[in-house]
Amino acid sequence: MEDLPLPSIFEQARKIHNAATESASDQDVVRKGCDALRKCEDMIGKLGLFSANETKEDISTGNLKYILVPFYLAELTEKIVQEDRIPILKASQAKLKEFISFCETMELVPKEELETSTEGNSLADKRARKIARFKRQKAAESKLLEIKERKERRGRSSKASALSAPIEAGEEDMLDDDGEEEREAWLTTITLAICKAFDLLEMLKKEEEMLSSIKEKQEKDGDKNFSREILDDRMKRAEAWHRDGVVRARYTKPAPPITCATFAQDVLEGRANVSQAHEHKHQPLIFGPASLVNGPLTSERERLAAQVFQPGFRLPTMSIEEAGLKEMEMMNKWQERTAKFIEEANSSWHKDDNRKPGPSEGDEDEDDDAAQEKARAWDDWKDENPRGAGNKKLTPCG
């Protein structure tokens, strides 16, 4: 690479940068691209391609692309993976600041970006800055796409033309247009890189602040040795314990279920074993003088004195496991009673229709007469009270 000219080294580095940006690349390839871009920086400095007294109009079209070298180097440096990431972030930020400062000197940074950066750092200013930057980025991307399509169309038309035809005046103008189009393409690419540089610089600053705070906390708590190896070792031991438990469960007899919440907490915290018998009777807590002596309340005076420091809420009269057992007992009784009712309903005496006492003919006649009289009275009442007669006071014009 040392014997190659500057355009060849830059083209190799640009291809590595495009590949690393589109997808994850090998670390060796990324480091190779960084070395190539550093070589480009050295050669640009030795050749003196840029000067602080120049602007973008003074730079030739062939040298415009070398302005992107610090930006490409910053993006590739950010993709390097190592244990301590803070130096990587600082180096990438330094190259981004160098790129933005040089573009500002060459009058390539948009005025909107300079104005918003000097106005303030409130949330509204940041939001307006991001929206304007996003619009400029989209406009630059669409413009680059348009230039690419124009080049492809021109290439197809030039291939279709005769190769041996002499160059006419119109074709010379076309060659001049190609030079202007190339300059426009590189200026648009620099504008797009400036937008990305501002966004990347903000992101790297936030990441550096977060990693610095984590590092300070680890140093304060003494967790310097808490590394990835320890986490991997713990994960392996946990997986081995679960695998052994699955194997043991095939050949061991399951323990009876634990119905006491306090005993379950003791087992989880290692104060008791599952095989131990547990007959826990949890009585409500006693406050006041009686709780100090743990004696019975023998007199009315002691009972009143024990109620002095009682809590402001009702204490439970039974534990959770006792309430569950009582509810289970009630459910068993209900199931037994339901099964008994179903059995009685399906018995032979219940299906026997002959034993059911039926109504007599006299009772049926009396019921028919009463129903007929009731129906007549209802018809008379409806004739005297038409539908909606009682709602006239509710109508506004009634």
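A negative surface patch is built from D365, E366, D367, D368, D369 and E373. In this context a patch gathers residues with over 30% relative accessible area and no salt bridge, like charges being joined within 9 Å. Asp and Glu count as negative and Lys and Arg as positive, with His and the chain ends not counted; each charge is placed at NZ of Lys, CZ of Arg, CG of Asp or CD of Glu. D365 has a relative accessible area of 45%, so it counts as partly exposed (buried means under 20%, exposed over 50%, and partly exposed in between, with a 1.4 Å probe and protein chains only). The areas themselves come from the Shrake-Rupley method, with only the protein chains shown counting as cover for residues.

The model is predicted, and local features need pLDDT of at least 70, side-chain atom pairs count only at pLDDT 80 or more, and totals for chains, interfaces and linings use all residues. Residues are numbered from 1 along each chain as its sequence is written, and side-chain values use heavy atoms, with hydrogens and water left out.

Turning to the overall fold, the protein has 14 helices and zero strands, where helices (H or I, at least four residues) and strands (E, at least two) are DSSP runs numbered from the N terminus. Of the 398 residues in the protein, 21% are buried. The largest nonpolar core holds 42 residues, and among these I67, L96, F99, C103 and I194 touch the most other members. Such a core is a set of buried Ala, Val, Leu, Ile, Met, Phe, Trp, Tyr and Cys residues joined through side-chain atoms within 4.5 Å. Two or more residues of this core come from each of α1 (6–22), α2 (27–47), α3 (69–78), α4 (86–105) and α7 (169–221). Helix α7 contributes the most, with nine residues. As general background, nonpolar side chains tend to be buried together in soluble globular proteins.

The structure holds 16 salt bridges, each defined as a side-chain nitrogen of Lys or Arg within 4 Å of a carboxyl oxygen of Asp or Glu. In one of them, the side chains of R85 and E207 meet at 2.6 Å, N to O. This pair links distant parts of the chain, with R85 in the loop between α3 and α4 and E207 in helix α7, 122 residues apart. R85 and E207 are both buried.

A salt bridge between K130 and E202, at 3.1 Å from N to O, likewise links distant parts of the chain: K130 belongs to helix α6 (residues 123–160) and E202 to helix α7, 72 residues apart. K130 is classed as partly exposed because its relative accessibility is 42%, and E202 is partly exposed with a relative accessible area of 25%.

Within helix α6, E146 and R150 are four residues apart, about one turn of the helix. E146 forms a salt bridge with R150, with the closest N and O atoms 3.4 Å apart. E146 is partly exposed, its relative accessible area being 44%, and R150 is partly exposed at 25% relative accessibility. E146 and R150 also belong to a network of salt bridges that links K143, E146, R150, R154, E181 and E184.

Some further local features complete the picture. T105 is found in helix α4 and, with a relative accessible area of 37%, is partly exposed. S8, in helix α1, is partly exposed at a relative accessible area of 30%. From C-alpha to C-alpha, S8 and C40 are 9.8 Å apart in space and 32 residues apart in sequence. Finally, E107 is placed in the loop between α4 and α5 (111–119). Although E107 is not a glycine, it has a positive phi of about 60°; most residues other than glycine have a negative phi.

Technical notes: Patch = residues over 30% accessible without salt bridge, like charges linked within 9 Å, V, L, I, M, F, W, Y side chains within 5 Å. Areas by Shrake-Rupley, 256 points an atom, 1.4 Å probe, with all protein chains shown as cover.
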